[in-house]
Amino acid sequence: TLVLFTQSKPGLADNPAAKTGWKVISVPDVRWGRRDMGPIQFVPPIDGLSIRRVAEEDHERLCQVGPIEIDDLRERLARGDWGYLATLDDRPAGYCWIQFSGVHRVSQAGIDRAIPPGENMVYNGRTAEFARGQRVYPLILVRILEDLSAAGHKSAWGYVNSDNEASMRGLARLGFDYQGEWKGDRLAVLPGQPQRHQASHR
């Protein structure tokens with residue numbers, strides 16, 4: 001059974017998708033965890049890998065890993081977020097961010113989480129396709145944990161989609177303990193040909 005609601009949206013009938021149809025996709029659950037500061041598990045280094053903090057002029061290089069709008073980049077830096085860019089033989093290989101203040105939007109689950117003073121949230125970790133399976137993400141996390149510890153933080157928080165097994169392994173490998181799930185019980189409606197879709201809900 002699929003239950004939908006809508007609202008008035010002038011011009012919707014003129015959208016080309018009104019003729020071609022719409023497709024509906026489910027949004028995965030989001031698993032989140034916490035890691036208390038302490039000894040950091042050893043992750044073998046990668047020859048040619050370099051990790052550094054992000055600056056605004058890194059926008060083009062970040063986009064070589066995954067899309068990020070320049071306004072979003074500026075907003076994150078102005079808020080005080082730390083961004084990390086990994087390069088492999090000077091080729092952008094991955095990035096990850098951590099937020100320290102304000103409200104963090106977990107878009108996959110459709111919720112907002114206020115970050116209390118002294119806490120943080122690791123988010124938006126991404127690895128370039130050519131670098132996947134080479135421990136880039138765990139090594140970025142190592143650098144983040146080292147910097148957090150040096151700055152006096154007592155713990156780190158992070159989350160990943162439940163269908164992203166590689167990222168879940170990366171967090172577990174670095175000692176993040178599973179804390180719970182934010183349910184991805186929303187449905188996204190996208191332009192495209194309708195498809196048969198069978199979903200289970202817990």
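Helices (H or I, at least four residues) and strands (E, at least two) are DSSP runs, numbered from the N terminus. By this definition, the protein has 5 helices and 11 strands. This is a predicted model, in which local features need pLDDT of at least 70 and side-chain atom pairs count only at pLDDT 80 or more, while totals for chains, interfaces and linings use all residues. Residues are numbered from 1 along each chain as its sequence is written, and side-chain values use heavy atoms, with hydrogens and water left out.

The confidence of the model comes before its details. The value pLDDT is the predictor's confidence in each residue, from 0 to 100. Its mean over the protein is 77, and 63% of the residues reach 70 or more. Over residues 184–202, pLDDT stays under 50. For that stretch the model has 45 contacts beyond four places in sequence, where contact means heavy atoms within 4.5 Å. Among the contacts in the protein with a separation of 6 or more, 74% are between residues 24 or more positions apart.

A residue is called buried under 20% relative accessible area, exposed over 50%, and partly exposed in between (1.4 Å probe, protein chains only). Of the 202 residues of the protein, 39% count as buried.

The loop between β4 and β5 holds both Asp 89 and Asp 90. Asp 89 is exposed, with a relative accessible area of 63%, and Asp 90 also counts as exposed, at 55% relative accessibility. Most residues other than glycine have a negative phi. Asp 89, although not a glycine, has a positive phi of about 55°. For Asp 90, which is not a glycine either, phi is positive at about 70°.

Aromatic rings come next. A pair of aromatic rings is described by the distance of the centres and the angle of the planes. Rings of Phe, Tyr and Trp (its six-membered ring) pair if their centres lie within 6.5 Å; planes under 30 degrees apart count as stacked, over 60 as edge-to-face and the rest as tilted. The structure holds 1 aromatic pair. Its members are Trp 82 and Phe 100, which are edge-to-face, at 4.6 Å centre to centre and with 65° between the planes. Trp 82 belongs to strand β4 (residues 82–88) and Phe 100 to the loop between β5 (91–99) and β6 (103–106), so the pair ties together parts that are 18 residues apart in sequence. Both Trp 82 and Phe 100 are buried.

Rings may also have a charge over them, which requires NZ of Lys or CZ of Arg within 6 Å of the ring centre and within 35 degrees of the ring normal. Arg 76 lies over the face of Trp 97, at 5.0 Å from the ring centre. Arg 91 lies over the face of Phe 130, at 3.8 Å from the ring centre.

Strand β6 has a covered face, formed by His 104 and Val 106, and an uncovered one, formed by Val 103 and Arg 105. Two strands pair if DSSP finds at least two bridges between them; β6 and β7 run antiparallel and are joined by 4 bridges. In this pairing, Val 106 stands opposite Ile 111 in β7.

Asn 120 is buried, with a relative accessible area of 0%. A polar contact is a pair of N or O atoms within 3.5 Å; within protein, one must be able to donate a hydrogen and the other to accept it, and residues adjacent in sequence count only if both atoms are side-chain atoms. The side chain of Asn 120 makes such a contact with the side chain of His 153 (3.4 Å). The Asn 120 side chain also reaches the backbone oxygen of Ser 155 at 2.9 Å. Leaving aside neighbours within four places in sequence, the residues in contact with Asn 120 include Phe 100, Leu 148 and Trp 157.

Two further buried residues complete the account. Asp 58, in the loop between β3 (49–53) and α2 (59–63), counts as buried at 6% relative accessibility. Beyond four places in sequence, Asp 58 is in contact with Arg 52, Arg 53 and Leu 85. Leu 73 lies in helix α3 (residues 70–79) and is buried, with a relative accessible area of 0%. Leu 73 and Asp 58 are 15 residues apart in sequence and 9.4 Å apart in space, C-alpha to C-alpha. Beyond four places in sequence, the contacts of Leu 73 include Val 54, Leu 62 and Trp 97.
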